[in-house]
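Subject: Handover of a structure and notes on it

Dear colleague,

Please find the sequence and the structure below. My notes follow directly after them.

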Amino acid sequence: MATIYDAFDVEYRLEYLGLPVHPEWRKNIKRWTYYSDSFNGGNDFRSGQYLVKYVLESGEEYDNRIKATPLDNHCKSVVETYNSFLFRTPPKRDYGTQVGNDPALDPFLADADLDGRSFDAFMRDCATYSAVYGHVWVMIDKPTTQVSTRAEELSQEIRPYVSIITPENVIDWKYMRKSNGVYALASLTLLDGIDEDAAYYRTITATETTIFTRTSKDKKANIVDVIPNPIGVVPCVPVYAGRSQTKGFGISDISDIADMQRAIYNELSELEQLVRISNHPSLCKTSSTQASAGAGSVIDLPDDLEPALKPYLLEPSGSGINHIISSINEKTDSINRMANMGGVRSTVSRQLSGIAMQTERELLNARLSQKADNLELAEEHIWRLWAMWQGKVFDGVIDYPDSFNIHDKENTVALLKLAKETNPSNEQLLKEIDIMLAKALIKDEDTLERVIEAQQEQQVNLDTTTQHKPMTSPTQMIEHMKEMVEQGYTTEQILELHPEIQGFFNGGTDDA
């Protein structure tokens, strides 16, 4: 795929060469580059020159200010925090009868993109880049090497593989509605590369992949190669972070966060300038006055210098520093609210009511659940295309977590402790409190399951002992046995729970 460093230049050259460009691509290419720079940070962000230039500031001064200004990368922090929750519990995959028995499955799971990346790591990268851009495309392809047997295919590792295509490189796409009302991807145009003289691109349809070049001389599409498409569908899947009304176009998770991050970046530059000037004030003097810089420096004044022209220091009061820091903190809080992460990313303890904390956790849980559903849907589509390349049908099930239990463990334990100290009379309520306490303290699912089972078994034994006390008289025996028969107990169960019954018949013998 092409590497796009300057969205303005690429857009101009593609239009100049007359390439087919989707309206959404033309409208969002600059924004996508901005999202990518905001997430990557470092040199990518500095090269974008997102710092506001001062009036009368020279190019050299502006470059020096860019180098001196750090970036507090909130975009990367938010996206990686989302992924830490999404992939904390691995998705459950049932590959079905056909795909599950395919010999190429295990090599694919270990190396999904033929570059050493496992399929789990690949899906995590899909989640990352879709959160940055709003969506990415996943192409499922298979090498066209001709082999005569399946054994040769396996020995040469000729199998389907996947690759991520970011939106900058998908310059056009079309959906068509089938007779049954379902929209299907009809074509996809990928930008392979671009230079001063030509653009290189390919168009993928359900029947073939056509590779083109278009030069600045004739501005015509010259066909380089045509590759048949044996599976009969466009082997590309969009992975959305958030769906929009336009098919093939998603909504970025960092669209507003990137703008707020840029505002903080500019305020950090202002803060750096204020600190620098406050610590190094400017010396105002006449040209005839000799002065040197540094601690303990000597100022040589002319003998005939007028008192009003004596040198003096010009420095700001520094009161604006606190205002800038306060503004940065408010913008950081705003980012946490936009990302629904006030209780996750905040470094300062906040006093929130129980309802406010619960609402914040539920909002984050809802957002994560939506992202998990989008990944689940995309992965199912990926496996269907993978199976088609192998001449099979995917009849399995992909299941991502539906709920993300996000809570403050210390606060939860404290609340459960207070609830238990009230000594509720309801035994069932005490049992539920113990189970909730175990869930809050134990992370390992197997250990938690054993603890809960032991707790429930202990409760059952306690209930059995409480409900079936030894009988002391024939009258009590008759009434209690009648109740047990009505409850469905068998004769063996009654005798097991009440061995003292034998004592009421024939002096404890077994004869009835």
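Which residues line the largest cavity? They are Leu86, Ala127, Ser130, Tyr240, Ala241, Lys371 and Leu375.

Please note that this is a predicted model, in which local features need pLDDT of at least 70 and side-chain atom pairs count only at pLDDT 80 or more, while totals for chains, interfaces and linings use all residues. Residues are numbered from 1 along each chain as its sequence is written, and side-chain values use heavy atoms, with hydrogens and water left out.

Cavity and pocket

On a 1 Å grid over the protein atoms alone, a cavity is a set of points where a 1.4 Å probe fits but cannot get out; a pocket is an open set with protein on both sides within 12 Å along at least five of seven lines; lining residues have an atom within 4 Å of a point. Volume here is the space filled by probe spheres set on the points, which are joined across faces, edges and corners.

The largest cavity has a volume of about 30 Å³. Its lining holds 5 nonpolar, 1 polar and 1 charged residues (nonpolar: Ala, Val, Leu, Ile, Met, Phe, Trp, Tyr, Cys and Pro; charged: Asp, Glu, Lys and Arg; polar: the others, Gly among them).

Of its 29 lining residues, Tyr175, Tyr183, Ala184, Leu185 and His381 lie nearest its centre. Helix α13 gives the most to this lining, with 7 residues. By class, the lining of this pocket divides into 18 nonpolar, 7 polar and 4 charged residues.

Salt bridges

The structure holds 12 salt bridges (a side-chain nitrogen of Lys or Arg within 4 Å of a carboxyl oxygen of Asp or Glu). One of them joins Asp259 and Arg31, with the closest N and O atoms 2.8 Å apart. Asp259 lies in helix α10 (residues 255-279) and Arg31 in helix α2, so the pair ties together parts that are 228 residues apart in sequence.

Glu24 and Lys27 form another salt bridge, at 3.6 Å between the closest N and O atoms. Both lie in helix α2 (residues 23-40), 3 residues apart, about one turn of the helix. Glu24 is buried, at 13% relative accessible area, whereas Lys27 is exposed, at 60% (buried is under 20%, exposed over 50%, partly exposed in between, with a 1.4 Å probe and protein chains only).

With kind regards

Note on methods. Helix = DSSP H or I, 4+ residues; strand = E, 2+ residues; numbered from the N terminus.
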